[in-house]
Amino acid sequence: MRRSLGVGAALALASCGPAPNDLTLLFLGRSPTAQVANVTWAPDPDRSRLVAFDGNLRIVRTIADPRFATPMAVSRLSNGRLLITERTGEAVVFDPAGSGTPVREWESPFPASLYTTRTNRDDHIVAARSPYFVQFVAESGSEPLLWRLDTMGHPTHGIGTIHIPEVPYLAQLVNAGAVALDPDDDDAIYFAPLVRDEIVKFDATGAMLWRAQRGLFRQETDPKFMPSPPGKPRDIRVAHAIVNIALAVGPPPAKQLYVLGAQDSGATRLRLDVLDPATGRIVTTRLLGTPQAAVAVDRKGELRLLNADSLLGQAPVTGRETFGPPFALRTLAGDTLSLAAYRGKVTLVNFWASWCDPCREEFPHMAALYRDFPRRDFDIAAISDDVDDGKMRAFVKEFGPPFPILVGGGRMKGTYHYRGLPYSVLLDRQGRIIERIFGFGGAAEFRRLRETIAAEIGAP
């Protein structure tokens, strides 16, 4: 679950300040960044947005969009466009020019992917198994480790071979990792597995050019399944040590390979290793301590370690954007309800489907929330995106929601471009977005939601 404030689509600041220090942000939190002209773009997954920094690391722009549920990495394409990796492994090609518009989306070629690019002559795109969203999927030993993609996100050929552990269902976790391309070397691909102590450089054919290790473990072992907690047989846990989190090739003059990793098995204390990209030799190591650091380099190639939360705290609060496009949908009773009918009330627009397990968990919480406030102040527009009318009606019969159900007929994702279900948007009395809610966050989420609704109702 991610909660994102309903800020406007774009923000531009025009303020005076000192002469630029030519700082380039490499990592914000655990995410790699991308530089376009004199601006560095970074994902802000906790707030479901992209953030742009100038050479003084001041925020000069933010972009929010329903497609950005949890953006985890950003890389530069030609013509100044951005390729954004979502936590699900899906990707969004985005044009930040003007107000910022999406160009296209694509599904992940794997259960999850992380994307990186090189744009020295044309767009080269490589996908690796993502460290941000791991699913337990058995794979054969002939599966490539990395894939080259065309500009539409379709795999063209594989690079390398995955490592198959003793339990093959852990193959996805073992091979999840960070990836980077060298902007000045067509043959260089850097890869760092999530849970193994190594950084590898491949050429374009997948041949290993060098392999570096930090010496973190006396004996490195594959991840292992752990017993499920009492009363939670479906809670799958795995014992493993997170080692690598993100990679970046720094700007001139140093042009080093920067590896963001962990100095403890739970990745609560981060470390930064700087490697010579030609040999893999570790040049320096800096312990960051905090799990939310920001790493930048200046024009001399010197490292700057900063607090990520402080950098993100610069963004001012902007006006709320209007929710849209407006809907007019049939209810199960045969009536039509439009967005305009909810104007004057604080409204939770909720998108759901009968096949969505988190939606089933969420519905009782929504029913309780609906009963907590009078209809003159608060309402819920629950929009089913089911294609199968029978399954939708069976779901409604099972849960008996006290609020009306609107029939989306499988068209809602194409209209509102949300990343997954459930997806909710909380609107104020004027139909403007207070916040977006991605996924289901349990009772704690609904406690916070009640507080937000009560404050909004009581606002002058």
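A residue counts as buried when its relative accessible area is under 20%, and in this predicted model both arginine 49 and aspartate 44 are buried. These two residues also form a salt bridge, with their closest N and O atoms 2.7 Å apart, and the count of salt bridges comes to 30.

**Arginine 67 and its surroundings**
- Arginine 67, which lies in the loop between strand 7 (59-64) and strand 8 (71-76), counts as buried because its relative accessibility is 9%.
- Its side chain is joined by a polar contact of 3.2 Å to that of glutamate 105, and by another of 3.1 Å to that of histidine 417.
- Apart from neighbours within four places in sequence, the residues in contact with arginine 67 include Val92, Pro102 and Arg419.

- Glutamate 86 and arginine 419, both of them buried, form a salt bridge whose closest N and O atoms are 4.0 Å apart.
- Glutamate 398 and arginine 360 meet through their side chains in a salt bridge of 2.5 Å, N to O; this pair links helix 4 to helix 3 across 38 residues.
- Salt bridges with shared partners join Asp65, Arg67, Glu86, Glu90, Glu105, Lys413 and Arg419 into one network.

**Helix 3**
- Helix 3 (residues 357-372) has a kink of about 30° at phenylalanine 363, shortly before proline 364.
- Among the buried residues of this helix are Cys359, Phe363, Met366 and Leu369, whereas arginine 360 is partly exposed, with a relative accessible area of 27%.
- The elements covering the buried residues of helix 3 include strand 30 (346-352), helix 4 (389-399) and helix 6 (442-458).

Note on methods:
Residues numbered from 1 in each chain as written. Predicted model: local features only at pLDDT ≥ 70, side-chain atom pairs only at ≥ 80, totals over all residues. Heavy atoms only, no water. Bend = angle between axes of the 7 residues up to and from the residue. Helix = DSSP H or I, 4+ residues; strand = E, 2+ residues; numbered from the N terminus. Buried < 20%, exposed > 50% of the residue type's maximum accessible area, 1.4 Å probe, protein only. Contact = heavy atoms within 4.5 Å. Polar contact = N/O pair within 3.5 Å; in protein donor to acceptor, adjacent residues only side chain to side chain.
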